[in-house]
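Trainee: I've never looked at this one before. Could you walk me through it?

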Amino acid sequence: MGDLLDRRLVLVTGKGGVGKTTVAASLALLASQRGMRTLACEVDAKGDLAAVFETGPTAFAEREVQPRLFAMTMDTEASLKEYLALQLRLPVAARIGPLARMFDFVATAAPGVREILTIGKLAYEVRQGRYDLVVVDGAATGHVVGQLAAPQAINELVQVGIIREQTRWMLDILSDPDQTGMVIVATPEEMPVNETVELAARLRDETTVDLAAVVVNRVLPELFGRGEEEAFERLATPARVGALSEAVGADAGPVVDAARLAVTLRRTRADHLQRLRAGVDPSVPLLYVPYLFLRSHGLRATHQVAEALAAELGY
Amino acid sequence: MERPRTAVSIEQLLAAKEIVVACGSGGVGKTTTSAALAAMAAARQGGKVLVLTVDPARRLADALGVRAIGNDARRVPAAAFAEAGTPARGELWAAMLDTKKSWDDLVVQHAPDRRTARRILDNKLYENIAGRFVQSHEYIAMERLYQLHSEGSYDLIVVDTPPTRNALDFLEAPERMAEFFSSRFLRVLTAPARSRVVNLASRPFFTVADRVLGSQFLHDIAEFFSLFQTMAPGFVDRARSVSRLLRDHRTAYVVVTTLEAAPLHEAEVFVRALGERGFHLGAVVLNRVLPPWLLDDGAATAAAQLAEDPAGVAKALAAQGAAAGDDAQVARVLGEIAESFLNFQVVAQREAEQRAELAVSTDLVVSVPYFDTDVCDLGDLLRLAERVWA
């Protein structure tokens with residue numbers, strides 16, 4: 001297994017709300033900072049990627065948002081146009097318009113059409129080699145296996161035709177651990193850990209894609225050192241909190257309550273972390289990103305997560 | 001003009017509606033919120049309440065004290081409520097959406113005869129559509145809701161919605177489905193085989209599609225749609241009924257979000273979209289809100305003081321006879337808790353700001369405090385609901 005950023009295609013997934021986009025953006029930023037020409041692609045056109053890079057809206061045509069870092073948003077219709085133009089040497093957009101609508105129609109019902117256009121575009125960028133690394137802010141955990149299974153499904157359904165030939169090299173790229181790696185983002189909470197463990201198993205059993213790493217986001221720092229928690233408990237009695245308030249001339253109660261909240265949270269989460277480690281193959285590294293007490297979720301947060309990931313990756 | 005009266009509390013909202021749909025982006029706690037509201041409605045308001053979840057939520061089954069939740073509703077034992085200290089006036093039932101099973105039922109119901117139903121169910125494409133195809137999930141969730149409602153077995157149905165790429169997808173799914181089945185394109189595609197060849201060969205779409213996909217696949221698609229087409233009349237009617245029910249005044253939407261930037265933004269978009277499309281917004285639930293005392297000015301002063309001179313404060317404590325250990329250790333602890341408070345305060349301030357700027361078209365906005373432990377049983381669900389109830 002190669003180093004995470006030595007691969008060509010890194011697919012990032014995770015349950016909603018765990019910071020999947022931020023982690024994908026941070027990995028891309030880190031790669032670009034290390035001199036790699038990097039493409040970051042958002043699969044769900046929500047505009048979250050633009051938000052974490054603090055740039056204007058991203059589109060299907062990639063745009064350089066930081067030095068060496070390019071960002072794009074997946075658009076299956078545009079992907080289809082590009083595909084048709086490349087494969088069939090069809091005349092450009094104007095004539096494809098109605099055709100694309102028809103395809104859109106089929107895609108509404110026929111399985112895997114949208115998925116294959118998404119995966120196809122990504123694999124195409126890898127094969128073209130214009131980028132050292134393609135990082136994908138991918139589908140959420142619930143959908144990602146379906147998306148990855150699309151080339152295989154199409155391969156089974158379509159017996160002849162250009163598409164069938166296409167799916168073969170896509171599968172080759174996706175199945176090669178030197179080229180492609182999946183990253184699951186989780187937080188040390190119950191549901192994200194459950195979904196991560198389940199997805200890791202499904203990736204192994206139902207796909208040929210290698211799980212490169214699990215990023216554990218928002219890990220709360222250990223508040224106290226050895227023996228200090230006992231000292232804190234002695235301090236947290238009403239009489240001592242009163243004395244403390246007197247000593248600082250203001251109500252220290254909430255400060256003590258906040259510390260208790262932090263301790264309880266950390267403890268609940270430690271159990272989930274353990275479950276996560278036990279539930280994922282030991283050969284898969286867990287990369288820890290601390291909880292960031294930040295004012296915003298913009299570029300500043302992306303930079304800090306990138307720094308944390310760099311440390312975890314040993315850079 | 002007098003403003004129409006709307007519910008001013010979650011309690012009133014649940015008492016007045018027959019269907020409550022929880023929506024919002026992934027990971028904000030839709031499933032838990034739905035279950036909590038349904039449990040509370042069953043406990044306090046009585047009647048038969050169903051919580052329909054689309055999440056494969058083993059944990060929810062555990063929390064509700066039912067062994068496994070499937071497509072068929074199960075009753076949460078009355079004893080579980082008694083154990084949680086809140087005897088229930090009514091009944092709580094739970095069901096989970098089984099996408100494949102629901103599609104199969106729908107096909108059997110709408111196919112003209114058994115043989116056609118069998119052929120559809122055995123079709124390779126069908127399996128893909130029912131099992132993997134993402135959008136089908138959204139439609140079937142709403143379809144199942146409609147079915148359960150039309151059976152008339154429940155006074156209130158609380159449903160959470162599947163995580164969608166686009167929050168609106170599931171609201172529009174019935175219309176898209178109706179449009180799809182009544183479209184001209186589908187008729188062309190499924191025209192009798194001979195005329196199809198004549199008709200289609202001349203169309204650029206099919207010449208291209210043929211080269212890209214191969215004619216066998218096209219044939220498979222055509223056959224599948226021909227079969228599916230036989231269900232069209234019933235299907236279109238049904239999809240329209242589903243769509244009407246979603247807009248009915250008996251149906252209300254509860255938008256769930258946390259105060260983080262991305263979900264909150266999505267919630268605002270969602271609230272706007274509901275209004276524009278004639279769906280009824282019932283309430284906005286802000287989940288996992290940090291405790292208000294983090295914003296306390298006095299506490300901020302105390303924390304600043306502690307952070308600045310922990311050793312001095314530790315000495316002062318010792319002088320008062322209130323030492324909690326040796327001075328150096330107490331000083332370290334004081335510095336750490338001050339730092340921790342100030343950290344959390346930054347986040348709490350950001351949240352308060354977000355809350356203040358939240359622009360939604362309802363007065364019913366409630367906050368659920370951050371629970372520092374997991375929601376594990378019915379008692380936890382009821383405690384959670386208690387916080388937003390009245």
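Trainee: Let's start here: does A:Arg269 count as buried or exposed, and at what relative accessibility?

Mentor: Quick background: this is a predicted model, where local features need pLDDT of at least 70, side-chain atom pairs count only at pLDDT 80 or more, and totals for chains, interfaces and linings use all residues. Residues are numbered from 1 along each chain as its sequence is written, chains are lettered from A and ligands numbered from 1 in the order in which they are written, and side-chain values use heavy atoms, with hydrogens and water left out. Buried means under 20% relative accessible area, exposed over 50%, and partly exposed in between (1.4 Å probe, protein chains only). A:Arg269 therefore counts as buried, at 10% relative accessibility.

Trainee: Which residue does the side chain of A:Arg269 meet in a salt bridge?

Mentor: A salt bridge is a side-chain nitrogen of Lys or Arg within 4 Å of a carboxyl oxygen of Asp or Glu. Here the N to O distance is 3.5 Å, and the partner of A:Arg269 is A:Glu189.

Trainee: Why does that pair tie together separate parts, and how many residues apart are they in sequence?

Mentor: Helices (H or I, at least four residues) and strands (E, at least two) are DSSP runs, numbered from the N terminus. A:Arg269 lies in helix H11 (residues 253–279) of chain A and A:Glu189 in the loop between strand S6 (180–186) and helix H8 (190–206) of chain A, so the parts tied together are 80 residues apart.

Trainee: Which residues are linked with A:Glu82 in a network of salt bridges?

Mentor: Start with the salt bridge between A:Glu82 and A:Lys121, at 3.1 Å, N to O. A:Glu82 lies in helix H3 (residues 76–87) and A:Lys121 in helix H5 (residues 113–128), both of chain A, so this pair ties together parts 39 residues apart in sequence. A:Lys121 counts as buried at 5% relative accessibility, whereas A:Glu82 counts as partly exposed at 25%. The network links A:Glu82 with A:Glu62, A:Lys121, A:Glu125 and A:Arg130.

Trainee: How many salt bridges are there over all chains?

Mentor: One more of them joins A:Arg267 and A:Glu229 at 2.4 Å, N to O. By this rule, the count over all chains comes to 27.
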